[in-house]
Structures are given as C-alpha cells and as structure tokens.
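Subject: Model handover

Hello,

Here is the structure I promised. Please load it before reading on; my notes follow below.

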Amino acid sequence: MLSCASSSSAEHPSPAHSLPDAPPRFHLLAKPSGSTCNIDCKYCFFLSKEALYPNEKHRMSKATLETYIRQLLESHRTPEVTVAWQGGEPTLMKVEFFRQAVEFVDKHRRPGQVVKHTFQTNGILLDDEWCAFFKAHDFLVGLSVDGPRELHDTFRVDRRAQGTFDLVMNGWRHLRKHGVEFNILCTVNAANERHGRAVYRFFRDELGAKWIQFIPVIERATEQTIQLANRGWSEQAGHKRVLYTQTGNLVTDRSVGPKQYGVFLIDVFEEWLRHDVGRVFVQLFDVTLEAMFGRHLSCIHAPTCGLGPALEYNGDLYSCDHFVEPGYRLGNIHETHMLELMASPAQRKFGLDKRDSLTAQCRSCAVRPLCNGGCPKDRFALSRDGEAGQNYLCPGLELFFTQSRPAMETMAKLFRSGRPPSDVMAMTAIEDKRRGPYAPCPCGSGRKFRFCHGNDAPQRSIDTGSSEARRTS
Ligand code: SF4
Ligand code: SF4
C-alpha cells in the first residue's frame with residue numbers, strides 16, 4: 001500500500017509509477033466544511049449530506065489538508081494540477097485555512113508542477129481580506145448566481161427564507177474591486193428556465209462575466225419522498241432532514257423541465273452566436289465545440305467519466321460530487337492513497353458504466369458523439385422504446401445539440417482553416433438579413449425574429465437588479 005502519512009514529497013516521490021493504470025490527472029472537488037453552508041437554497045440537496053456525519057464538526061483538519069494536498073500533487077502525471085475548493089460553503093473555513101493550503105502546495109509541489117486554485121462560493125462572506133487573498137494567489141472564483149434579483153431570490157435564500165441577491169452582489173463588488181478572475185455558476189431551475197436570454201444578458205451586461213456555466217437543477221425523489229423533497233432539504237423546511245440519494249424517478253417542483261432545459265440553452269446560444277463568440281465563454285458551448293474535435297472538456301458529455309471525485313472534510317473520498325452517499329465511498333485518504341482509490345476497480349467501473357449503460361436510443365442517436373447520454377445521475381427516465389436508464393434531460397439535450405450543430409460545425413470548419421470561430425457572427429448576420437425581420441426566429445420560440453433574437457434592446461420584463469449592480473460596480 002502507498003504511504004498515506006503526511007510528510008514531505010521529497011521523502012515520498014510520486015507513486016504514479018507503481019500504478020500504471022491510474023489516471024494521469026483528475027479533477028478532485030474538496031469540501032473543507034463538508035456540506036455545511038451559511039445559506040439555505042431551497043433546491044440544494046447537498047445540505048442534507050450533513051446527515052452522513054451526524055454529531056461531527058464538519059471542518060477539515062490541518063493533518064487532512066496536508067495529506068490531501070500532498071497526495072493530489074503526487075498523483076498527477078500532468079504538469080498542471082488544479083486544487084478545487086467547493087462546499088457546502090468553503091468561506092466558512094476562514095482565509096487562514098487557505099493560506100495554509102497554499103503553503104502546503106509550495107511545500108509539496110514538484111519542480112515544474114503548475115498549480116491552479118479554484119474556489120466555488122455563494123459570495124456572501126466575500127470581503128476585502130478574501131478578495132486580496134484570491135488576487136495574490138491567482139484563484140479563479142466561481143460565484144453562484146441564478147440570474148437577476150427576482151429569479152435569484154426565488155430559491156437562493158437564507159435561513160429566514162430571505163433572498164440573498166444583495167449579499168451576493170456585495171461579494172461580486174469585492175471581486176471586481178480586487179480584480180479577481182471570476183466565473184458565474186448559474187443553476188437552471190423552474191424559476192429561471194423561461195428566461196435564458198435575460199439571465200445571460202444580466203451576467204454579461206450587468207456583472208461583466210466572461211465565463212458562465214449553467215447547471216440543471218434535477219432533484220430526484222420517490223413516491224415516498226416527493227412530498228418532503230418538495231418542501232426543501234433544509235432543516236428549516238419543518239421536517240427532519242433526510243439524506244438525498246440519487247434514487248427515484250420523480251422530480252421536485254423546483255427542477256428544470258426536460259425540454260425546457262434545451263429551450264433555455266438555445267435561448268442563450270442564439271444570443272451568444274450573434275454577439276459574443278470569442279468574447280464570452282459559456283462552458284457547454286466550449287464543451288460542444290471541443291467535442292467536434294473529439295476532445296471532452298466536461299465529464300457530463302464525455303463517453304466515460306470517473307475523474308471527478310469528491311473529498312469530504314475528514315478525508316473520505318467519493319466517486320463523484322453527485323454521489324456523496326454510502327455506496328460510492330471509495331475509502332479514506334488517511335488509510336489509502338487517493339491515487340490507489342482512483343485506480344481501484346470500483347472507481348474504474350463507475351467511470352466505464354457511463355458508456356456501458358447507454359440505452360439503445362442513445363447508442364443510435366445522431367448527436368451521441370456530442371452528448372454521450374449526459375450524466376448517469378440523471379438517467380432515470382424511459383427511452384422512446386420504454387427502456388429504463390434514459391436521461392431525464394434527453395428532450396432538451398437533443399434539442400440543444402441538434403439545433404446548435406450547424407453553427408458549431410461552421411465554427412469548427414473556420415478553426416480548421418485557420419480562421420477565428422468568431423467569424424461565425426458575421427456569417428450569422430448575413431443569414432439573418434437574408435431571412436428578414438418578420439420570419440420566425442431560428443430559436444424556435446415562434447416569435448418573429450425582430451421581436452426575439454433580432455431584438456438587441458434590453459429586456460424589461462424582469463427586475464434585473466441592474467441599478468444596484470451598476471451602483472456597486
Ligand atoms: S456521475 Fe456525472 S458528474 Fe459525476 S463524474 Fe460522472 S458524468 Fe461527471
Ligand atoms: S440526446 Fe438523448 S438520446 Fe441522444 S445521446 Fe443525449 S441523452 Fe441519448
């Protein structure tokens with residue numbers, strides 16, 4: 001067994017050579033405060049994961065921190081390593097903890113190893129101290145925002161059920177003030193699913209976002225748990241917290257509709273295609289374009305997965321952040337080196353099952369090379385032939401990948417011929433002109449182009465909180 005004790009990497013050279021089947025790189029999400037959070041988003045089933053470790057203070061110790069950093073750096077055979085912090089809410093650990101993490105990185109880094117830090121936060125506690133620290137150490141910060149005030153505050157609430165928009169904007173203001181690189185992480189849910197373009201424009205125009213990631217909210221439940229689930233996962237929902245697991249083929253009222261997810265993405269895509277290619281980076285669009293070249297940037301749409309484990313505060317390693325539940329606990333890094341856990345048959349099977357469990361509908365699907373059936377956690381619907389294991393989001397995924405494909409292929413062609421993919425915007429403008437303003441909008445909304453994606457005027461139907469965003473910028 002590989003060494004697990006916390007000690008200098010000089011004494012313990014990289015163990016990778018002794019595990020030739022181990023992955024050369026992986027993207028571990030560390031949860032230093034477990035699933036503990038300082039707010040109570042209604043859709044956040046991660047809150048319920050506290051039930052995995054009852055009666056414990058969910059805080060990563062210095063010994064676990066050093067073991068984690070050392071093993072992560074030892075495990076990588078690529079020159080670049082990402083140290084990714086996530087929650088719960090990692091700012092509950094205070095800045096000092098992360099100063100220590102940076103020191104451990106310096107202590108255990110191999111010569112030539114480049115280490116990037118990422119940090120996902122709800123933004124509530126961000127202040128000058130945090131943001132000066134992020135800037136000094138070049139952290140990329142992910143800020144969770146679900147859109148303009150009215151949409152954000154529907155589900156992202158504090159423990160008194162009050163919206164958190166103002167507090168998040170305060171955090172965003174600090175990020176801007178210190179020049180910290182940030183991206184926006186936005187869930188797509190029942191509240192914002194019909195407002196893709198307004199949400200995207202808010203991030204682009206009001207928050208100055210250059211990187212945006214959309215994540216569908218899908219909260220699964222069974223006949224037995226659906227009522228509890230609809231009330232939310234927090235203790236304040238008035239019931240004893242139940243542990244969320246990936247079971248059941250029902251979804252809560254807060255979950256995004258399957259087809260509506262695709263409609264949302266297309267709504268954003270049509271705007272991006274006309275104005276922002278090469279200027280604003282939407283993760284799924286990048287992922288799709290890269291897939292045209294056979295490269296897979298995201299586990300969700302890669303043929304196989306299993307390279308995104310999650311580390312709990314006590315050193316327990318799980319197969320994936322979405323499978324932090326007893327059946328997917330690989331072991332503890334104080335007992336077994338994380339690379340050994342990553343190379344274990346259980347984890348390799350977890351990753352390969354993604355490909356091996358595709359339904360017949362997926363295997364014969366025209367967009368399968370781009371979609372690859374999506375995330376296994378969402379495969380609880382029936383296929384058109386009634387086969388179990390179809391992705392709940394399939395109607396939306398099929399819509400998005402099919403409708404965006406011609407433009408994606410054009411961008412890929414431009415790239416291959418040495419031209420910037422952003423040239424697609426001029427080509428799209430010519431096509432729009434040829435079609436005319438009163439033809440149906442290509443987004444499929446049924447509206448005339450002039451009143452839909454041909455309309456560049458700001459949308460007014462939603463309270464964007466824009467005056468506040470401007471005031472605080
Ligand atoms: S289960 Fe889903 S989120 Fe987890 S690694 Fe696989 S594709 Fe990624
Ligand atoms: S679009 Fe639907 S059928 Fe096609 S690969 Fe994706 S999940 Fe499978």
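Which helix gives the largest share of the shell around ligand 2? Helix 14 does, with 3 residues. Helices here are DSSP runs of H or I with at least four residues, strands are runs of E with at least two, and both are numbered from the N terminus.

First, the conventions. This is a predicted model: local features need pLDDT of at least 70, side-chain atom pairs count only at pLDDT 80 or more, and totals for chains, interfaces and linings use all residues. Residues are numbered from 1 along each chain as its sequence is written, while chains are lettered from A and ligands numbered from 1 in the order in which they are written.

Ligand 2

Around ligand 2 are Gln361, Cys362, Cys365, Val367, Arg368, Cys371, Gly373, Gly374, Asn391, Cys394, Leu397 and Glu398. The criterion is a C-beta atom, placed from the backbone, within 6 Å of the molecule. Helix 12 (360-363), helix 13 (368-371) and helix 14 (394-416) each supply at least two residues of this shell. By class, 6 are nonpolar, 4 polar and 2 charged. Cys counts as nonpolar and Gly as polar in that tally.

Overall fold

The chain holds 16 helices and 14 strands. Its C-alpha trace spans about 70 × 50 × 50 Å along the principal axes. Of its 473 residues, 45% are buried, meaning 20 or more other C-beta atoms within 10 Å of their own, with C-beta atoms placed from the backbone.

An open, mixed sheet contains 10 strands in the order 9-6-5-4-3-2-1-10-11-12. Pairing requires at least two DSSP bridges between two strands. Strand 9 (281-282) and strand 12 (329-332) are at the edges; each has a single partner strand, so one side of each lacks a neighbour in the sheet. Strand 2 (residues 80-85) and strand 3 (residues 114-121) run parallel and share 6 bridges. One of the pairs is Thr82 with Lys116 in strand 3.

The core

The largest nonpolar core has 114 residues. Such a core is a set of buried Ala, Val, Leu, Ile, Met, Phe, Trp, Tyr and Cys residues joined through C-beta atoms within 7 Å. Among the residues with the most contacts inside it are Ile69, Phe203 and Leu265. Helix 8 (residues 258-275) gives the most to this core, 9 residues. Beyond its neighbours within four places in sequence, Leu265 contacts Gly196, Phe214, Leu284 and Phe400; contact means C-beta atoms, placed from the backbone, within 7 Å.

Best wishes

Technical notes
A residue is buried if 20 or more other C-beta atoms lie within 10 Å of its own, exposed if 12 or fewer, and partly exposed in between; C-beta atoms are placed from the backbone. Two residues are in contact if their C-beta atoms, placed from the backbone, lie within 7 Å.
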